[in-house]
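Morning, everyone. Let me put the structure up, and then we will walk through it.

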Amino acid sequence: MTIEIKDVCKSFDGQQVLNNFNLNIESEHSYVITGPSGCGKTTLLRLILGLDECDSGSVKLLGDYKYPFINCGMVFQEDRLCEDYDAVTNVTMVSKKVFKETVIEELKKLLPEEALFKPVKELSGGQKRRVSIVRACAIPSDILIMDEPFTGLDEEARKTAIAYIRDKQGSGPLVITTHDTTGLEFGRIIDLGIAT
Amino acid sequence: MQKIVRRTIAAAAWIIIWQLVAMIIHNKILLAGPIDTVAALVSLSKTPSFWGSVWQTTGRILLGFFLGSVIGIILAYIAHEKSWVEDFLRPLVSALKSVPVASFVILLLIWFGSSNISIIICAMVVFPILYLNTLEGLKSTDVKLLEMAKVFRMPGGRRLRYIYLPQLSPFFKSAFKLAIGMSFKSGIAAEVIGQPLNTIGNGLYLSKIYLETADLFAWTIVVVLISFVCEKIITKVIDIL
């Protein structure tokens, strides 16, 4: 698959965050979007997902895909978990194609076993983040998009999470936004602070 | 435990006060005491029409409550999705909220007669309560979670179960609690005015005609008990959901 981002401009309240931005996102490639706060990282992801519209330019999904809207595994900037439910339910709830036994095995790769069946509101910020990562990777998707997925993770947990994401990427593209590109050198680094 | 004891003592104190006032007035037409009321209740419960009236009234009120709830919830969902529907329904909801039940009862008596009046009145009273509370609940649903559900293509049933219902539950709880109480009040009032045969409202009306204050209180206790039981059952069902 290819997502063509062409001459995209986007501004909020008169402030330009993306200015004639161009990028082709292709299968089996990884993209690490970096840059200072407010430079448009999250905005770019929202445009790719079709959650926002660009002021000018275009974001097009090229190739033969079943859905007009791409199948996406997503880690949002906030965790966006259902706080009263446990980690396993938070992952299984999103799709009928995700099975409990598989999810338990996947969660165990990033979280201690005792954290799996507690309501998510009782987990630490880092643990919630890892639940979000597993949720994004658990569903069958054409693309993985992750907005600051390593927030709240210590160095060791970050390394484990990066290895997990790499393992789960499959043949689709991976787009990550981050302030810190350490350990993400496998991807093409795009600095929005410079690019725009 | 201490709370239950205190509440029981308070209730018992009021029953004693009621009995004392009845003894002082010493006129069963003006005020029947609790002993006379219980005696009237026992006597009424032995009559063949009593249980028929209880079932008939309860069934009709619950049917009206159910219809009003379903219509209120469905229209709230549609109004949440389409803002013009909300604007279109606003005057109707305001009218249903503010127009006295008695006015509707008389109008409906002219239109439809008395047999099913309590069903329609209950539905009309319950509808705005459920509509407004559901709409408020839907508006307060976490938009970020809804966006997450959209991105993950979460199936509709799961969105309802995991996102909407937990957020709507407190709104439903307060709405159903208020609505069930209002249903019995308005449904019985409609029966008293419309006087369909073999109903609690008709029993209350006959108590008034024959100046049987003890019967009036007995029927009132029956209504309060049924309303209380229905409220508890509905609250439990929402908790389970």
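Which residues of α3(B) meet which residues of α8(B)? Hold that thought while I cover the ground rules. This is a predicted model: local features need pLDDT of at least 70, side-chain atom pairs count only at pLDDT 80 or more, and totals for chains, interfaces and linings use all residues. Residues are numbered from 1 along each chain as its sequence is written, and chains are lettered from A and ligands numbered from 1 in the order in which they are written.

Now the answer. On the α3(B) side we have Thr57(B), Arg60(B), Ile61(B), Gly64(B), Phe65(B) and Ser69(B). They meet Ala179(B), Ile180(B), Ser183(B), Phe184(B), Gly187(B) and Glu191(B) in α8(B). Contact here is C-beta to C-beta within 7 Å, with C-beta atoms placed from the backbone. By class, that contact has five nonpolar, five polar and two charged residues. For the classes, Ala, Val, Leu, Ile, Met, Phe, Trp, Tyr, Cys and Pro count as nonpolar, Asp, Glu, Lys and Arg as charged, and the others, Gly among them, as polar.

Next, the geometry of that pair. Helix α3 of chain B covers residues 48-81, and helix α8 of chain B covers residues 156-194. Their axes come within 10 Å and cross at roughly 125 degrees. Axes are lines fitted to C-alpha atoms, for helices over the stretch in contact, and angles run from 0 to 180 degrees between N-to-C directions. α3(B) and α8(B) are therefore oblique to each other. The scale is this: under 35 degrees is roughly parallel, over 145 roughly antiparallel, 65 to 115 roughly perpendicular, and the rest oblique. The crossing of α3(B) and α8(B) is right-handed, meaning that the near helix is turned clockwise from the far one by less than a right angle.

Step back to chain B as a whole. Chain B has ten helices and zero strands. Helices (H or I, at least four residues) and strands (E, at least two) are DSSP runs, numbered from the N terminus. The C-alpha atoms of chain B fill a box of roughly 70 × 55 × 30 Å along the principal axes. Of its 241 residues, 35% count as buried. Buried means 20 or more other C-beta atoms within 10 Å of the residue's own, exposed means 12 or fewer, and partly exposed is in between. Take the contacts in chain B with a separation of 6 or more: residues 24 or more positions apart account for 74% of them.

Helix α2 (residues 34-45) and helix α10 (residues 213-240) of chain B pack at about 75 degrees, with their axes 8 Å apart. That makes α2(B) roughly perpendicular to α10(B). Ala40(B) and Leu44(B) are among the α2(B) residues in the contact, and Phe217(B) and Ile221(B) are among those from α10(B). The residues of this contact divide into eight nonpolar, one polar and two charged.

On to the cores. A nonpolar core is a set of buried Ala, Val, Leu, Ile, Met, Phe, Trp, Tyr and Cys residues joined through C-beta atoms within 7 Å. The largest has 58 residues. Ile48(A), Val91(A), Ile133(A), Val134(A), Ile145(A) and Val175(A) touch the most other members. Helix α4 (residues 125-138) of chain A gives the most to this core, with six residues. Apart from it lies another core, of 47 residues, including Ala40(B) and Phe217(B).

How do the chains meet? 15 residues of chain A are in contact with twelve residues of chain B. The chain A side divides into ten nonpolar, one polar and four charged residues.

Last, a local stretch of chain B. Ala149(B) lies in helix α7 (residues 143-151). With 21 C-beta neighbours inside 10 Å, Ala149(B) counts as buried. Beyond four places in sequence, Ala149(B) touches Met154(B), Arg159(B) and Ile163(B). Arg153(B) lies in the loop between α7 and α8 of chain B. Most residues other than glycine have a negative phi. Phi of Arg153(B) is near 55 degrees, a positive value. With 14 C-beta neighbours inside 10 Å, Arg153(B) counts as partly exposed.

That's my tour.

Terms used. Contact = placed C-beta atoms within 7 Å.
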